[in-house]
Amino acid sequence: MTSLHMYDNITSISCPSELDKYQVIKEQERISFTYEVEFVKSDIKWPSRWDAYLKMEGSKVHWFSIMNSLMVIFFLAGIVFVIFLRTVRRDLTRYEELDKEAQAQMNEELSGWKLVVGDVFREPNCSKLLCVMVGDGVQILGMGGVTIVFAALGFMSPASRGMLLTGMILLFLILGIAAGYVSVRLWSTIKGTTEGWRSISWSAACFFPGIAFIILTVLNFILWGSSSTGAIPISLYFELFFLWFCISVPLTMIGGFMGTRAEAIEYPVRTNQIPREIPARKYPSWLLVLGAGTLPFGTLFIELFFILSSIWLGRFYYVFGFLLVVLLLLIIVCAEVSVVLTYMHLCVEDWQWWWKAFFASGSVSLYVFLYSINYLVFDLQSLSGPVSATLYLGYSLLMAVAIMLATGTVGFLTSFYFVHYLFSSVKID
């Protein structure tokens, strides 16, 4: 070893295969280990050399499953939408063709959504919380949608470590303007005044980030207690606080101020002073609301499996084009499911549709969290100890809350504009 130097020409050594011809090594004898490197010119371009390592496992199953899910959901959503349109159009045509006397007689004889005209826009319970959740849902939905579009176009690649997470945080901060605007405008529509818009804007700026901060802090204390190197350092906490209170909160307040300048949405009908009694039902209406989340979950669960695998099993996820299609399909299905359930509740004279419209599509988050638990039990058996399981459940809970706010906002806004259009199309004297 001392006599050889770098780049010296050395004749290669062929090792004998017979056992009796092996080299006998004496005790304390020095051995030289060598290897050879041969450089071969390749025609593959440099940016494409990592493609072999970025291929996802089970790609054929992934593509076929996604296509099958898309076709089934499009078919079901089309049937529901066509039946729904025919039913509403028939009711409106029948109602408008009658004269005034016949309309009065029809109102006395028939039951349905026409009888709740004086209560359908009555202020819901916990209206402030609803405004805040809808505003944060717009912020989260915008963040996720823009991130997926940029990733599908190649501007944000997981190959660049931290780019996706950094982009999502920046978009979330900027879209605080949208959260404040939507929250305050919905508040002014429900209340008829912009008084208290600062409280609404402040709540919108602190609601979801506060939930995320509490979950991350609890998980961080658990990691500190177990002396884990994965714990968030104190310096990063101060940086997050700075981004939260020095960027996100001011932008949300600016959006809320813009919401006060926007014209409030006027209701097409007047609300009665005395609320109408809701008829008793054989089964709780919330069972139907919770069951409605199964259809949006059907568009999501296959893609959810690959996303969880990329996060927790270290697999690569690069099919952002399909993820964008699934997101658009999820929005369409959430809107249709929420509108159909809102119409069903109005038909049985249940005018308390606000929260039910929100959770009809937002209930998909419950199934997402249950699926995450199923994934933990059957696919993450290699997790070491309760600390890792707690960490996984904490992040899954945060993801489920974000999905609930985003999908619930889609369902609520669609149902609101549907109810507004439905009752503005009816002639009421």
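**Two helix pairs in a predicted model**

Leu-330, Ile-331, Cys-334, Ala-335, Ser-338, Val-339, Thr-342, Tyr-343 and Leu-346 of helix H11 meet Thr-407, Val-410, Gly-411, Phe-412, Thr-414, Ser-415, Phe-418, Val-419 and Phe-423 of helix H14, contact meaning heavy atoms within 4.5 Å. By class, this contact has 12 nonpolar, 6 polar and no charged residues (Ala, Val, Leu, Ile, Met, Phe, Trp, Tyr, Cys and Pro count as nonpolar, Asp, Glu, Lys and Arg as charged, and the others, Gly among them, as polar).

The model is predicted: local features need pLDDT of at least 70, side-chain atom pairs count only at pLDDT 80 or more, and totals for chains, interfaces and linings use all residues. Residues are numbered from 1 along each chain as its sequence is written, and side-chain values use heavy atoms, with hydrogens and water left out.

H11 spans residues 320-347 and H14 residues 385-424; their axes lie 8 Å apart at an angle of about 50°. H11 is therefore oblique to H14 (under 35 degrees is roughly parallel, over 145 roughly antiparallel, 65 to 115 roughly perpendicular and the rest oblique).

A second pair joins H4 (residues 127-153) and H5 (residues 163-174), whose axes come within 9 Å and cross at roughly 140°. H4 is therefore oblique to H5. From H4, Gln-139, Ile-140, Met-143, Val-146, Thr-147 and Ala-151 make the contact with Leu-164, Met-168, Leu-171 and Phe-172 of H5. This contact has 8 nonpolar, 2 polar and no charged residues.

Just after H4, Gly-154 takes a positive phi of about 95°.

Terms used. Axes are lines fitted to C-alpha atoms, for helices over the stretch in contact, and angles run from 0 to 180 degrees between N-to-C directions. Helices (H or I, at least four residues) and strands (E, at least two) are DSSP runs, numbered from the N terminus.
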